[in-house]
Each structure stands twice: as C-alpha cells, then as structure tokens.
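Colleague: Could you take me through this one by its definitions? I'd like to hear what stands behind each label.

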2 protein chains.
Amino acid sequence: MTRSAIRAELSVLTMSGILEAKPRVGYSYCHTVQLDQFRQKLANITVRDVSSLPVVINENESVYDGIVAMFLENVGSLIVLSNGRLAGIVSRKDIIKASMGHLDVQNVPIGLIMTRMPNLHMAYPTDNIYNAAKRLIDHGVDSLPVVEKKEKAGDVFYEVIGRLTKTTVTKLFVEVLEQTNAEA
Amino acid sequence: MTRSAIRAELSVLTMSGILEAKPRVGYSYCHTVQLDQFRQKLANITVRDVSSLPVVINENESVYDGIVAMFLENVGSLIVLSNGRLAGIVSRKDIIKASMGHLDVQNVPIGLIMTRMPNLHMAYPTDNIYNAAKRLIDHGVDSLPVVEKKEKAGDVFYEVIGRLTKTTVTKLFVEVLEQTNAEA
C-alpha cells in the first residue's frame, strides 16, 4: 500500500461515513463502528506502507566515508552491511563520540564504531506502524532498519529492505491530519 | 492540557460514541459527527499540550560544553540563548561539521556554529500540533524551540519556554494508537 493508497482509503472511510448516514429507524450503533474503523485503519498501516529506502555503507568503509554519506543523503543514521547482510547501525551520536575520541576518521572502519548485531532494534515490513513507532520510543533510537529474516545453509541473517525513522512517523502523522483538514 | 488529560478526553469521546448509540428514530448523521470529532480532537492538540522542557546553553559556552550537554541530556539539539533570549539552535549535524572542520571545540563558543536568528523555525505554544509537525517536515529540522514573543522598550525578542521534536510527535502518535488498542 503506497502513501497515496492510504490517503485514498482514509478518504473512502470518511465518504462511507457520509454515505451510510441514510435515513434509518431503530437502534443505531453506527458511531462506535465508524470511529473504530478510522482508528483501526491507522493502527493497521504496516511498516512496508511507509518505510523509506535504506541508506547503507559497508563495514570496511571509513568513518569519514560514513560522515560524507550522512551529509550527502541527509540522514541521521546509516545501516552497516557485511557481505550484504545487516551488521550494525551508526548514528550521528556515534560519529560525535568517535570524533571526540580523536579517532583517525579517515582510516578507522565504520564497523568499529557501529552498534553491532545482535544489539539492534529492527522492524519487519509486516509490523504495524504502532509497534514500530513504539519501539523507536521505548528504545530511544531515531531509526530502525527494516529487514527480512533469511536462512541459507542453516545460517540465519537479515537482509535490509528499508528504514523507518521518527521522520517517517512524523510525516505519517502530518498526512493523516492533512486528510482531516482537507475534509473539514 | 496534560498528556493524561488528552488521554482522558480521547477516552470520553469513545465512551460518548457508545453512550450516544441509543435508540433513535429517523435521519441519523451521527457517523460523520463522531468521526470528525475524533480527528478534530487530534488536530486541536496544541504545542503547549505536548512540548517538552527546553535544553539550553549560553552562546558564550564552548562547543565542547554543548557536546557534553547533548550527551548528558540525551537530546539531538540545543537551544542557544543570549542574555536569556533565543539566539539560535545547534544540532548534532552542526557539531559534526564543526569537528570535521578541525575547530578547537574546547575554545570556540557554540554561538559561532549555531543556526542564528532570524533563520530559525519556531513554534508557539498555541500552534496546533499539525502545523508544528508540518513545519518539522517542511523545513527538514528535528526540533523547534517553543517560544513566546516579547517586547521591551520597543525591542522584540523571543523567550524560550519549551521544545518540540520529532520524538514528541512520534510519542503522541504512539499514545493515540495505544488508546485505540486499549479500547479495541
């Protein structure tokens, strides 16, 4: 489901709220049903629906390369890969720590300063957005790699297919309310 | 309005959705009214309701002091004051730029690397959360100082009373959906 599909669905919900408001006789529990439908719709948005493209770097590249990538891509964290598999994540905080520690950023590999597997918080594309957003808050992180669990010859690893950040959630929040304002 | 007051209000809305679902005869536009009420409630949350305490630093303190404050308070940006008035904002990005530029972080004042008034995006306590969240997205910033405009002897300035970040919005998003899940 794309963002525009979400918008369309939210719109249809409201429309149906109007269309169903037909003359009616007797008991009517319509309020509750409609209310739940809208909020359930929000709760049913999945990580796949809203996640953005991952910005990745190889664990052997330098911290300096990482900083350049962060500025070029304008992201607050990089997903670090090892042989194409999720190996870790590096945040601006990690970069600041590294430069304060007088590391030779040109020569030290980014893999040395990353938060490493298995100490990572991740999201699956099928997670609902509520769970993923709650994970961001509960663990105090700005970004989650969106992954798919794979197995090859008994070896379990994670393939990175996207990322979900507080920016993603804030954007979604704005879009949902935008929809509301447009209909008001 | 506090977070718990918001929760209570959202809860009352749902309750009233149930309570109003009484036997009724004839035309019923109840769906639309209820639906709009919930979303309007979201749209009516103000910056004052959800903003957090500002983390500030004086423009004469060093970049190094700023880095320490960021880590101690675990924030991604600092609000910079000059004579108690809003002077600028410093983000982790600014800090990384400064350390890459081989600045003497111990001696250079933070005022030198901040984004300076009047190039700042701000929020007022009475702004609704939609407008503030949209400002975060539209201007690509992580944080807005929450300010009150003051005037003293013809001199206009801003007093800092809080801050609003993507974390604030993400938390609110989670709380609203938590409410939904609890009622489901």
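Colleague: What makes Arg92(B) buried?

Modeller: Its relative accessible area is 12%. Buried means under 20% relative accessible area, exposed over 50%, partly exposed in between, with a 1.4 Å probe and protein chains only. So Arg92(B), at 12%, counts as buried. Mind you, this is a predicted model, where local features need pLDDT of at least 70 and side-chain atom pairs count only at pLDDT 80 or more, while totals for chains, interfaces and linings use all residues. Residues are numbered from 1 along each chain, chains are lettered from A in the order in which they are written, and side-chain values use heavy atoms, without hydrogens and water.

Colleague: How do you know that Arg92(B) and Asp142(A) form a salt bridge?

Modeller: By distance: N to O is 3.7 Å. A salt bridge is a side-chain nitrogen of Lys or Arg within 4 Å of a carboxyl oxygen of Asp or Glu, so the pair Arg92(B) and Asp142(A) qualifies at 3.7 Å. The pair crosses between chains, from helix H5 of chain B to the loop between helix H6 (129-138) and strand E6 (143-152) of chain A. Helices here are DSSP runs of H or I with at least four residues, strands are E runs of at least two, and both are numbered from the N terminus.

Colleague: Which residues are joined into one network by salt bridges that share partners?

Modeller: Arg92(A), Asp142(B) and Lys166(B). Asp142(B) and Arg92(A) have their closest N and O atoms 3.7 Å apart. Asp142(B) sits in the loop between H6 and E6 of chain B and Arg92(A) in helix H5 of chain A, so this pair joins two chains. Arg92(A) is buried at 13%, whereas Asp142(B) is partly exposed at 43%.

Colleague: Which residues meet where H4(A) contacts H5(B)?

Modeller: Tyr64(A), Ile67(A) and Phe71(A) from H4(A) meet Lys93(B), Ile96(B), Lys97(B) and Met100(B) from H5(B). Contact means heavy atoms within 4.5 Å.

Colleague: How do you know that Thr170(A) is buried, and what is it in contact with?

Modeller: Its relative accessibility is 0%, so Thr170(A) counts as buried. Thr170(A) lies in helix H7 (residues 166-183) of chain A. Beyond its neighbours within four places in sequence, its contacts include Ala133(B), Leu136(B), Val169(B) and Thr170(B).

Colleague: What about Val147(A), buried or exposed?

Modeller: Val147(A) is buried, at 0%. Its place is in strand E6 of chain A, and its contacts beyond four places in sequence include Leu86(A), Met122(A), Tyr158(A) and Ile161(A). In chain A as a whole, buried residues make up 48% of the 184 residues.

Colleague: What makes the backbone at Ala153(A) and Asn83(B) worth a look?

Modeller: Most residues other than glycine have a negative phi, and most peptide bonds are trans. Ala153(A) has a positive phi of about 50°, and phi of Asn83(B) is near 55°. Ala153(A) is in the loop between E6 and E7 of chain A and is exposed at 87%. Asn83(B) lies in the loop between E3 and E4 of chain B and is exposed at 74%.

Colleague: Which peptide bonds are cis?

Modeller: One is from Met117(A) to Pro118(A), with omega near 5°; another is from Met117(B) to Pro118(B), with omega near 0°.
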